[in-house]
Amino acid sequence: MAFIPTKYQIKCVADGRMCDDSGWMLDFPNSVKPSLIRPIYAKKQLEVKESNGGLYRFADWLPIKNVLKEASCPVTYKSKNLANRLGLNNLYITFNGYYPQIGATMRTCSFKETEAYSVCARLGVEQRDKAMVVSSAGNTARAFAQVCSDNNIKLLLTVPEDNIDALWFDKPLNSCVKLLCTESGSDYFD
């Protein structure tokens with residue numbers, strides 16, 4: 001079954017104006033004052049879909065234009081051992097990471113992977129020829145590099161030289177991901 005994006009618009013929280021999402025939008029166009037933006041979904045009731053993998057099970061209420069390969073999401077499960085040790089009957093644990101035995105498949109082992117999957121899925125086909133630029137010293141860098149590599153999304157990743165060893169992956173990255181190592185402690189604003 002093909003993915004059908006949920007219809008939504010972006011709302012300016014400050015003044016209530018609405019517009020379509022360009023995919024890269026972080027603030028509302030022509031705003032008089034700074035404001036948060038939020039998606040307003042045409043579908044009022046969330047319908048969890050088992051057919052869409054990982055995070056995309058919640059696609060009804062995600063501002064996305066497509067679903068990406070290898071998607072994962074946190075896993076919530078009912079605790080037995082810790083619950084017994086604490087004397088609790090209904091202890092639920094949400095796990096972000098890699099533990100396939102419980103269905104957790106975040107290959108970067110970080111909740112930042114959910115951010116990368118949702119941001120990258122906002123890009124429409126018409127934006128795939130543009131490169132995304134991400135600057136990070138750790139888990140955000142790893143998450144965006146992995147998601148972009150798996151889905152052939154162009155990425156320029158800037159990482160401080162001192163943090164380059166924090167970037168590890170379970171397989172080599174696709175050539176669409178380019179790494180720019182920046183000099184640590186340098187001040188580019190002199």
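Three strands, in the order β2-β1-β3, form an open sheet with antiparallel pairing; strands are DSSP runs of E of at least two residues, helices are runs of H or I of at least four, and both are numbered from the N terminus. Two strands count as paired if DSSP finds at least two bridges between them. The model is predicted: local features need pLDDT of at least 70 and side-chain atom pairs pLDDT 80 or more, whereas totals for chains, interfaces and linings use all residues. Residues are numbered from 1 along each chain as its sequence is written, and side-chain values use heavy atoms, without hydrogens and water.

- Strand β1 (residues 8-12) is joined to β2 by two bridges, and I10 stands opposite C19 in β2.

**Salt bridges**
- There are nine salt bridges, each defined as a side-chain nitrogen of Lys or Arg within 4 Å of a carboxyl oxygen of Asp or Glu.
- D21 and R122 form a salt bridge (2.8 Å, N to O). D21 lies in the loop between β2 and β3 and R122 in the loop between α2 (112-120) and β8 (132-135), so the pair ties together parts 101 residues apart in sequence.
- K171 forms a salt bridge with D150, with the closest N and O atoms 3.8 Å apart.
- Salt bridges that share partners join E70, R107, D150, D170 and K171 into one network.

**Accessibility**
- Both D21 and R122 are buried (under 20% relative accessible area; exposed is over 50%, partly exposed in between; 1.4 Å probe, protein chains only).
- K171 is partly exposed at 41% relative accessibility, whereas D150 is buried at 8%.
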